[in-house]
Amino acid sequence: MAQRDFEKFKQDIKSWMEAHPDKYDAFVEEVNGKSFEGIQRVYTLAMRLAPQLMAKAKQQVHGDLNRTEPDDSIFIADDTLAPQLVAEFRNTEKSSVVPAVLAWLYYGRCYETMVERLEELIDESHSRIYKWICGFMIKYVIRGSIRNKMRTREDWVQYRRERETSPLDAAIESLQPKEKEPQPKPGARRADTRDLSALIIADDKQRIINKMRTRLASKSGQRDIAMMKVALEEAGITMNCSVRTFRDALQAEFPEYAIVLERGIQRCYKFLLDTDARTGKLQKDVGEDRIIIDEIVRYFTDAE
């Protein structure tokens, strides 16, 4: 498709979105719903319009047989997709989902929504293979958006920064006059990239690492990892560090596991260190949380 034709096509899509706000809003609401029906409609449309591309994608994430990064062929498996999309948009029936999907893809939060839904699936799943597949698909979505020039690397960095900022922080920052960002000073503190061995204080590092591997095989949820971090620090087995440093060290040490994302672990870790309003104690020292943390401490301090 020539660049001029492509730009006209995008403008036609935008005109449709502006002329049919109710239809577009209904589709976006469906995509963001917990039932995944909207995502399923997008997937069904992709299977119909780009069967070769979808077959290639499915082949690269089939089971746990291929744990390699996606190659460029996954993006060029179906070179007839663009003409088909134009034809579908021009000749579509009023009830078709094609215009809404295209408007969502070009002008909506399509890539961010897909990443967020995949993160939810990772948090909810107990299958390591399923977690890995979802993590793979997150990379596929992000790289595809950059390759198609719909997003840039800077867009994704900004997206992550916005998610890490609380609504209150964002509101306060919006009141401040914008200033030029200061350049980092020589010798400024860099991101903590220590590996797991460096974080472990105990002498028998390999035994601790082996026990971590065994525990993660069955307990790898965000709450499990947050409690393990609290227990290890309490027992003096690992040094205090940020959730990001701990999570990244686990992922680097155990690439066979799809460690849940930092956001969920951070939420659980913060809850454990919050004060219980009823008892005045830290949440980690109350009820079932205390019992589980003590059990984790015994697990790692047991010499067997």
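Phe-27 and Trp-104 are both buried, a term used for residues under 20% relative accessible area, with exposed meaning over 50% and partly exposed the range in between (1.4 Å probe, protein chains only). The model is predicted, and local features need pLDDT of at least 70, side-chain atom pairs count only at pLDDT 80 or more, and totals for chains, interfaces and linings use all residues. Residues are numbered from 1 along each chain as its sequence is written, and side-chain values use heavy atoms, with hydrogens and water left out.

The protein chain contains 16 helices and zero strands, where helices (H or I, at least four residues) and strands (E, at least two) are DSSP runs numbered from the N terminus. Of the 304 residues in the protein chain, 36% are buried. Contacts were defined as heavy atoms within 4.5 Å. Among contacts in the protein chain between residues at least 6 apart in sequence, 67% join residues at least 24 apart.

Aromatic rings were examined next. Rings of Phe, Tyr and Trp (its six-membered ring) pair if their centres lie within 6.5 Å, and planes under 30 degrees apart count as stacked, over 60 as edge-to-face and the rest as tilted. The count by this rule is five aromatic pairs. In one of them, the ring centres of Phe-27 and Trp-104 are 5.8 Å apart and the planes stand at 75 degrees, so this pair is edge-to-face. The pair links distant parts of the chain, with Phe-27 in helix α2 (residues 21-32) and Trp-104 in helix α6 (residues 98-107), 77 residues apart. Another pair is formed by Trp-132 and Phe-136, whose ring centres are 5.4 Å apart with planes at 45 degrees, so it is tilted. Trp-132 and Phe-136 both belong to helix α8 (residues 128-147), where they are four residues apart, about one turn of the helix. An α-helix has 3.6 residues a turn, so residues three or four places apart point the same way. Trp-132 is buried at a relative accessible area of 13%, and Phe-136 is buried at 5%.

Helix α6 is largely enclosed by the rest of the structure, because eight of its 10 residues are buried. These are Val-98, Pro-99, Ala-100, Val-101, Leu-102, Ala-103, Trp-104 and Tyr-106. The relative accessible area of Trp-104 is 2%. The C-alpha atoms of Trp-104 and Lys-14 are separated by 9.8 Å, although the two residues are 90 residues apart along the chain.

Glu-112 is located in helix α7 (residues 110-124) and is buried, with a relative accessible area of 10%. Its side chain is joined to that of Arg-151 by a polar contact of 2.8 Å. A polar contact is a pair of N or O atoms within 3.5 Å; within protein, one must be able to donate a hydrogen and the other to accept it, and residues adjacent in sequence count only if both atoms are side-chain atoms. With neighbours within four places in sequence left aside, Glu-112 is in contact with Arg-151, Trp-156 and Tyr-159.

Helix α16 (residues 287-301) has 15 residues and spans 22 Å from its first C-alpha to its last, close to the expected 21 Å, the expected span being 1.5 Å times one less than the number of residues. Asp-289, Arg-290, Ile-293, Ile-296, Val-297 and Phe-300 are the buried residues of α16. They cover an arc of only 125 degrees around the axis, which puts them on the same side of α16; the arc is that of the directions from the helix axis to the C-beta atoms. Glu-288, Ile-291 and Arg-298 are exposed on the other side of α16. The buried residues of α16 pack against α12 (205-216), α13 (222-234) and α15 (262-273). Arg-290 counts as buried at 16% relative accessibility. Residues up to four places away in sequence not counted, Arg-290 touches Glu-234, Lys-284 and Asp-285.

Charged groups also lie over the ring of Tyr-299. The charged end of Lys-211 sits over this ring, 4.7 Å from its centre, and Arg-215 lies over the face of Tyr-299 at 5.8 Å from the ring centre. A charge sits over a ring if NZ of Lys or CZ of Arg is within 6 Å of the ring centre and within 35 degrees of the ring normal.
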